[in-house]
Amino acid sequence: MSLNSEQMLAVLNALPDPVFVLTESGRYAGVYGHADPNYYHSGHDLVGSYLSDVLSADVADWVMQHMQQAWDQKGLVKVEYPLSAAQVKGLEMQAGPDGMIWFEGHIQPFPQAVEGERAVIWVARNITRRKQLEQELLEASQTDPLTRVANRRPLFELLQSRFSDFKRYQHPTVLILFDLDHFKQINDRFGHLMGDQVLASLCDICHATLRENDLLARFGGEEFIVVLPNTAMEQGLSLAERMRDLVFRELGACFPQYERAITISLGVSEFIDSDTRFENLLQRADSALYQAKHAGRNRICAHR
Ligand SMILES: Nc1nc2c(ncn2[C@@H]2O[C@H](COP(=O)(O)OP(=O)(O)OP(=O)(O)O)[C@@H](O)[C@H]2O)c(=O)[nH]1
């Protein structure tokens with residue numbers, strides 16, 4: 001026994017994701033599936049419209065290109081894309097999720113002509129939650145949980161790519177390595193928890209002085225690094241001075257129970273022609289920081 005067409009339609013409309021039948025001229029020949037308003041807006045009213053009626057020209061072209069790809073490949077094409085209900089004229093707007101939705105589209109050639117035209121079946125699954133989780137995981141894998149600044153992973157990636165740019169194009173990069181002065185005393189007197197708060201506040205203060213392309217990262221313990229792409233030594237030194245001064249004036253004021261100023265020492269370096277790996281830049285900043293500590297702390301030394 002096989003299902004009659006009414007029963008088949010009931011099956012199609014019970015499917016959890018929307019199913020579009022699109023023809024070669026860009027016409028919505030059929031829209032099926034149960035539009036759960038937690039995930040979808042109902043697209044049933046689109047039947048009979050053309051892609052170019054309801055989507056902007058570039059989005060409609062993009063859809064047609066993927067339909068063509070499914071015909072060329074004679075098989076399934078998968079694609080992930082963001083689309084909001086506001087970008088589709090004629091959708092039922094009363095019920096459905098707000099904002100941008102991520103979809104996974106499964107596009108397959110339709111085995112027969114529809115109204116005399118080639119057609120595809122386009123199934124659109126809402127994968128917004130998965131995309132958010134992927135983004136959260138990516139951020140967590142690149143962020144220091146205490147201070148919310150970058151960890152070593154993005155730091156080393158950026159240094160590697162800046163090193164390649166320096167070798168190929170001589171694009172300069174400055175690195176500032178800095179470290180709290182006498183931080184152990186704060187931990188010993190007020191406990192690790194307050195020490196943690198000092199580290200987090202230090203990062204907030206330093207972060208506020210940086211440009212969008214600069215990277216602040218936790219190198220380890222109470223050592224941090226700022227990478228300044230496309231920056232010459234003199235500019236790097238003036239930023240380092242701004243950071244030193246801000247921390248000196250602002251960080252201690254956040255912790256009045258500690259009656260002294262809380263300061264940092266900074267070592268500054270830049271790529272030089274004889275460098276063979278980005279670690280050379282780090283080594284020079286480290287020795288400059290060592291000099292700054294030994295010269296009395298709350299100061300900047302450069303390794304030129
Ligand atoms: N609260 C807290 N302390 C940390 C963390 N990571 C490292 N430290 C502490 O940082 C302190 C570093 O001490 P030292 O290396 O002696 O340096 P310092 O006391 O800052 O002295 P100088 O760097 O020489 O000025 C130690 O007490 C570590 O326990 C952290 O995540 N949280």
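## Largest pocket

The largest pocket of this predicted model has a volume of about 370 Å³. A pocket is an open set of points on a 1 Å grid over the protein atoms alone, with protein on both sides within 12 Å along at least five of seven lines. Grid points are joined across faces, edges and corners, and the volume is the space filled by probe spheres set on the points. The lining of the largest pocket comprises 24 residues, and Phe20, Tyr81, Leu83, Val88 and Phe103 are those nearest its centre; a lining residue has an atom within 4 Å of a point.

At least two lining residues come from each of β1 (19-23), α3 (57-73), β3 (77-84), β4 (100-109) and β5 (119-126). Strand β3 provides the largest share, with four residues. Helices (H or I, at least four residues) and strands (E, at least two) are DSSP runs numbered from the N terminus. By class, this lining holds 21 nonpolar residues, three polar ones and no charged ones. Here Ala, Val, Leu, Ile, Met, Phe, Trp, Tyr, Cys and Pro count as nonpolar, Asp, Glu, Lys and Arg as charged, and the others, Gly among them, as polar.

## Basis of the values

Residues are numbered from 1 along each chain as its sequence is written, and side-chain values use heavy atoms, with hydrogens and water left out. Because the model is predicted, local features need pLDDT of at least 70 and side-chain atom pairs count only at pLDDT 80 or more, whereas totals for chains, interfaces and linings use all residues.

A polar backbone atom of His182 lies 2.9 Å from an oxygen atom of the ligand, and a backbone N or O atom of His192 is 3.0 Å from a ligand nitrogen atom. The side chain of Glu222 places an N or O atom 3.1 Å from an oxygen atom of the ligand. Of the 670 Å² of accessible area that the ligand has on its own, the protein covers 69%; these areas come from the Shrake-Rupley method with a 1.4 Å probe.

The whole structure has one cavity of 30 Å³ or more, a cavity being a set of points where a 1.4 Å probe fits but cannot get out.

## Selected residues

Arg218 lies in strand β7 (residues 215-220) and counts as buried because its relative accessibility is 17%. Buried means under 20% relative accessible area, exposed over 50% and partly exposed in between (1.4 Å probe, protein chains only). A polar side-chain atom of Arg218 is 2.8 Å from the backbone oxygen of Gly221.

Asn126, in strand β5, is buried at 17% relative accessibility, and its side chain reaches the backbone oxygen of Tyr39 at 2.9 Å. Glu80, in strand β3, is partly exposed at 35% relative accessibility.

Methods:
A polar contact is a pair of N or O atoms within 3.5 Å; within protein, one must be able to donate a hydrogen and the other to accept it, and residues adjacent in sequence count only if both atoms are side-chain atoms.
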